[in-house]
Amino acid sequence: KEGPDKPGSIGLMLPGIEMDVVSLDDSTKGLPAGEVGEIRIRGPNVTRGYWNRPKETAEAFVGDRFLTGDIGYMDADGYFYLVDRKKDMIISGGFNVYPQMIEQAIYEHPAVQEVIVIGVPDAYRGEAAKAFVKLREGAEPFSLEALRDFLSGKVGKHELPAGLEFMDELPRTAVGKLSRHELRVKSNEARRVTPA
């Protein structure tokens, strides 16, 4: 099917492939166009399960439909968009917070070269966003309050970072992509060794 060019979209379903978006709370409940949830897929290109891993298979499938772990939505024309990965989502005070959306807003700050946002434990909200920033050459560090002021109106109040840390280098995967997973591991290790 030919359609309009939609920047940011991952495109339409391929022939013979069925995709939809389901509720994050109930993976059997399909969502209408425009609502954000987990992308689910069925087709001849989709595996029937994980080899000798029945628990993972049961968690990843609803009947014969595979839960991709991608959070996104479909527009009224049937085009799909990715928002974030389900495992990276932060649940803060009952709200679903998507680190990628916060990162995109922080990248607009003139002093920021690179940023990774992850969820960290928060006594009040359960979890809160924390930004790890590598500054541009010659840029001066800024306060958490200054960052929150900069982000005001760009992200929701529940998405504003509750923490900020500057790093000389952010962790990367073997292929050079920024790694939230590696940062999460390092952050958890640091919390374990920090005295109360």
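These are my notebook entries on one predicted model, taken from the whole chain down to single residues.

**Ground rules.** I number residues from 1 along each chain as its sequence is written, and I work with heavy atoms for side-chain values, leaving out hydrogens and water. Since the model is predicted, I keep local features to pLDDT of at least 70 and side-chain atom pairs to pLDDT 80 or more, while totals for chains, interfaces and linings use all residues.

**Whole chain.** I looked up the secondary structure and found four helices and eleven strands, where helices (H or I, at least four residues) and strands (E, at least two) are DSSP runs numbered from the N terminus. Along the principal axes, the C-alpha atoms fill a box of roughly 55 × 45 × 35 Å. Of the 196 residues, 41% are buried; I take buried as under 20% relative accessible area, exposed as over 50% and partly exposed as in between, with a 1.4 Å probe and protein chains only. For contacts, meaning heavy atoms within 4.5 Å, I noted that among those with a separation of 6 or more, 55% join residues 24 or more positions apart.

I then turned to the largest pocket, which has a volume of about 360 Å³. A pocket here is an open set of points on a 1 Å grid over the protein atoms alone, where a 1.4 Å probe fits, with protein on both sides within 12 Å along at least five of seven lines, and lining residues have an atom within 4 Å of a point; grid points are joined across faces, edges and corners, and the volume is the space filled by probe spheres set on the points. The lining holds 16 residues, of which Asp88, Lys177, Leu178, Ser179 and Arg180 are the closest to the pocket centre. Two or more lining residues come from each of β6 (80–85), α2 (99–106), β9 (112–122) and α4 (180–193).

**Lysine 177.** This residue sits in the loop between β11 (163–166) and α4, and I list it as exposed because its relative accessible area is 57%. Beyond neighbours within four places in sequence, lysine 177 is in contact with Pro171 and Arg172.

**Valine 117.** I found valine 117 in strand β9, and I call it buried because its relative accessible area is 0%. Leaving aside neighbours within four places in sequence, its contacts are Ile90, Pro99, Ile102, Glu103, Ile106, Ala129, Lys130, Ala131 and Arg180. I also checked valine 117 against proline 15, 102 residues apart in sequence, and the C-alpha atoms are 36 Å apart in space.

**Serine 92.** Serine 92 belongs to strand β7 (residues 90–92) and counts as buried, because its relative accessibility is 3%. Its C-alpha atom is separated by 6.1 Å from that of glycine 126, 34 residues apart along the chain. Not counting residues up to four places away in sequence, serine 92 touches Val97, Arg125, Glu127, Ala128 and His158.

**Leucine 24.** I placed leucine 24 in the loop between β2 (18–22) and β3. Lysine 86, 62 residues apart from leucine 24 in sequence, is 8.7 Å apart in space, C-alpha to C-alpha, and Lys86 is also one of the residues that leucine 24 touches, including Gly37, Glu38 and Ile71.

**Asparagine 52.** My last entry is asparagine 52, in the loop between β3 (37–42) and α1 (54–60). Its phi is near 55°, a positive value in a residue other than glycine, whereas most residues other than glycine have a negative phi. Asparagine 52 is exposed, because its relative accessible area is 63%.
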